[in-house]
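Please look over the model with me.

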Amino acid sequence: MVVLVTGATGFIGSNLVKLLVNKNYKVNIIVRNQAAATKIINENQINYHLYDGSLLSLEKIVSTCKPDIIYHLASEFIESHSLQDIKKLIDANILFGTQLIELSSREKTSYFVNISTNWKYYNQNSYNPVNLYAATKKAFEDILKYYVDRGLLNVINLILFDVYGPNDNRKKLLPLVFKVLNLKRKLSLTQGEQKLDLVYIDDVINAIDLAGLLLFDNKVKGFIEYKVSSKNLIKLKELLNIIQQISNKKIIINWGAQKYRDREVFLPWQGGEDLPEWSPLIPLEEGIKKILRNNENNN
């Protein structure tokens, strides 16, 4: 199977690429620079395509690799945007993806796995984006439906929640917590009443791969949305207590020092349909232990 992965140098994307390579797929990835690509995996095991931001560059990539399936993970995440951020959000989350599916449809690529966000459903509404990032993600999904309705594409839209695991360098809370475990530095947080839906990285990439197989085997047609949920919610405050217990280390936390964000999500989206034939295999406690062991081995 010939696959094309966008967002391959990110935390989720790089782990997905390794899984696809191990399954002996012919893996193509789009990257902005060669150095980022070679950090993922042995470059002899993947075909990386340099993208300079132009339509001509993207057209050459798609016509060269002619993928059976596209895994679209690339996105621009900005929690609270400024005026200067609007173009970046639209270019990355709408324009790039639209150009990609227009070009791939001309190469008869029929299958598309799109990674979406539960932040589209603020306060459990059928559609209420938490921020502009979530709004741009939804706008692209509406464009996907246009191509589906024309009979050019079959799409699984995967809703992800809180993804965690080893070697996560994203500017998110959990990576920060694991970094400060060995430091005598105070961590200033909110009251910690937010509930999280944490899914270990291996379970997430297995879900993404399964979505591709469901499409390739013609078990799913049209546009359908599934969620990738642990089904076990935990409050932030409780999570940090568990991390301290398992690691046997104390984190100095100043609870309530930070205000909750505007439109804070206290309860992840509870609606939607579960991805068929998938369930998480890594319990939270085991996932935390895996991160701690990995951090010890790297120190």
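1. Contact means heavy atoms within 4.5 Å. Buried means under 20% relative accessible area (1.4 Å probe, protein chains only). Helices (H or I, at least four residues) and strands (E, at least two) are DSSP runs, numbered from the N terminus.

2. This is a predicted model: local features need pLDDT of at least 70, side-chain atom pairs count only at pLDDT 80 or more, and totals for chains, interfaces and linings use all residues. Residues are numbered from 1 along each chain as its sequence is written, and side-chain values use heavy atoms, with hydrogens and water left out.

3. Helix 8 covers residues 236-247, twelve in number. An α-helix has 3.6 residues a turn, so residues three or four places apart point the same way. Just after helix 8, asparagine 248 has a positive phi of about 55°.

4. Overall, the protein has nine helices and twelve strands. Its radius of gyration is 19 Å, close to the 19 Å from the globule rule for 299 residues, so it is as compact as a globular protein of that length. That radius is taken over C-alpha atoms; the rule is 2.2 Å times the number of residues to the power 0.38.

5. Buried residues make up 51% of the 299. Of contacts between residues at least 6 apart in sequence, 79% join residues at least 24 apart.

Note on methods. Buried < 20%, exposed > 50% of the residue type's maximum accessible area, 1.4 Å probe, protein only. Expected span 1.5 Å × (residues − 1).
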